[in-house]
Amino acid sequence: MQLLALRTYPFIDSESLEEHQARDSLFRTDDGAFVLHMSSSHTPTVGDRLVWLNCRAALIWINNTTEDFGAEWE
């Protein structure tokens with residue numbers, strides 16, 4: 001697996017209104033698939049998320065503006 005992009009960004013927790021950090025990492029597997037790994041510093045009960053992306057979705061994720069960071073959590 002190859003790491004293609006990494007981003008860390010702040011977000012506000014909707015329940016506590018506290019600021020936390022989220023981290024998204026985009027990987028490309030040996031067979032050409034894309035995997036987005038999402039983690040958060042304050043949600044150990046939710047855990048990390050893995051999302052399989054097609055090529056188009058991976059390009060859109062890479063080109064997201066800062067306002068769109070974290071849209072995959074919804």
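This is a predicted model: local features need pLDDT of at least 70, side-chain atom pairs count only at pLDDT 80 or more; totals for chains, interfaces and linings use all residues.

Me: Which residues make up the largest nonpolar core?
Reply: There are seven: Leu 26, Phe 34, Leu 36, Met 38, Leu 53, Ala 58 and Trp 61. Nonpolar side chains tend to be buried together in soluble globular proteins.

Me: Which elements give two or more residues to this core?
Reply: Strand 3, residues 34-40, and helix 1. Strand 3 gives the most, with three residues.

Me: Let me step back. How many helices and strands are there in the protein?
Reply: One helix and four strands. From the N terminus on, the elements run β-β-β-β-α.

Me: What order do the strands have in the sheet?
Reply: The order is 1-2-3-4, in an open sheet with antiparallel pairing. Strand 1 and strand 4 (49-53) are the edge strands, and each pairs on one side only. On average, neighbouring strands are turned by 20 degrees against each other, direction ignored.

Me: Where does helix 1 pack?
Reply: On the sheet. Helix 1 touches strand 1, strand 2, strand 3 and strand 4. The direction of helix 1 makes about 140 degrees with that of strand 2.

Me: How many bridges join strand 1 to strand 2?
Reply: Ten, and these two strands run antiparallel. Strand 2 covers residues 19-28. Among the pairs, Ile 12 has Glu 19 as its bridge partner. Phe 11 has His 20.

Me: What about strand 2 and strand 3: over how many bridges do they pair?
Reply: Seven, again in the antiparallel sense. Strand 2 and strand 3 form a hairpin, with five residues between them.

Me: Which residue in that turn has a positive phi?
Reply: Gly 32, at about 95 degrees.

Me: Asp 30 next. Where is its place?
Reply: In the loop between strand 2 and strand 3.

Me: Is Asp 30 buried or exposed?
Reply: Exposed, because its relative accessibility is 77% and the cut-off for exposed is over 50%. Asp 30 and Met 1 are 29 residues apart in sequence. In space they are 5.8 Å apart, C-alpha to C-alpha.

Me: New topic: Tyr 9. Buried or exposed?
Reply: Buried, because its relative accessible area is 6% and buried means under 20%. Tyr 9 sits in strand 1.

Me: With which side chain does the side chain of Tyr 9 make a polar contact?
Reply: That of Asp 24, at 3.0 Å. The C-alpha atoms of Tyr 9 and Asp 24 are separated by 8.6 Å. Along the chain the two residues are 15 apart.

Me: Leu 3 is in strand 1 as well. What does Leu 3 touch?
Reply: Ser 25, Leu 26 and Phe 27, not counting residues up to four places away in sequence. Leu 3 counts as partly exposed, at 44% relative accessibility.

Me: Whole protein now. What share of its residues count as buried?
Reply: 30% of the 74 residues. As for contacts between residues at least 6 apart in sequence, 33% join residues at least 24 apart.

Me: Last one. What is the mean pLDDT?
Reply: It is 80 for the protein, and 78% of the residues reach 70 or more.

Me: Where is confidence lowest, and where highest?
Reply: Lowest in strand 1 (residues 2-12), at a mean of 85. Highest in helix 1 (residues 55-62), at 90.

Conventions. Residues are numbered from 1 along each chain as its sequence is written. Side-chain values use heavy atoms; hydrogens and water are left out. pLDDT is the predictor's confidence in each residue, from 0 to 100. A nonpolar core is a set of buried Ala, Val, Leu, Ile, Met, Phe, Trp, Tyr and Cys residues joined through side-chain atoms within 4.5 Å. Buried means under 20% relative accessible area, exposed over 50%, partly exposed in between (1.4 Å probe, protein chains only). Two strands pair if DSSP finds at least two bridges between them. Axes are lines fitted to C-alpha atoms, for helices over the stretch in contact, and angles run from 0 to 180 degrees between N-to-C directions. Contact means heavy atoms within 4.5 Å. A polar contact is a pair of N or O atoms within 3.5 Å; within protein, one must be able to donate a hydrogen and the other to accept it, and residues adjacent in sequence count only if both atoms are side-chain atoms.
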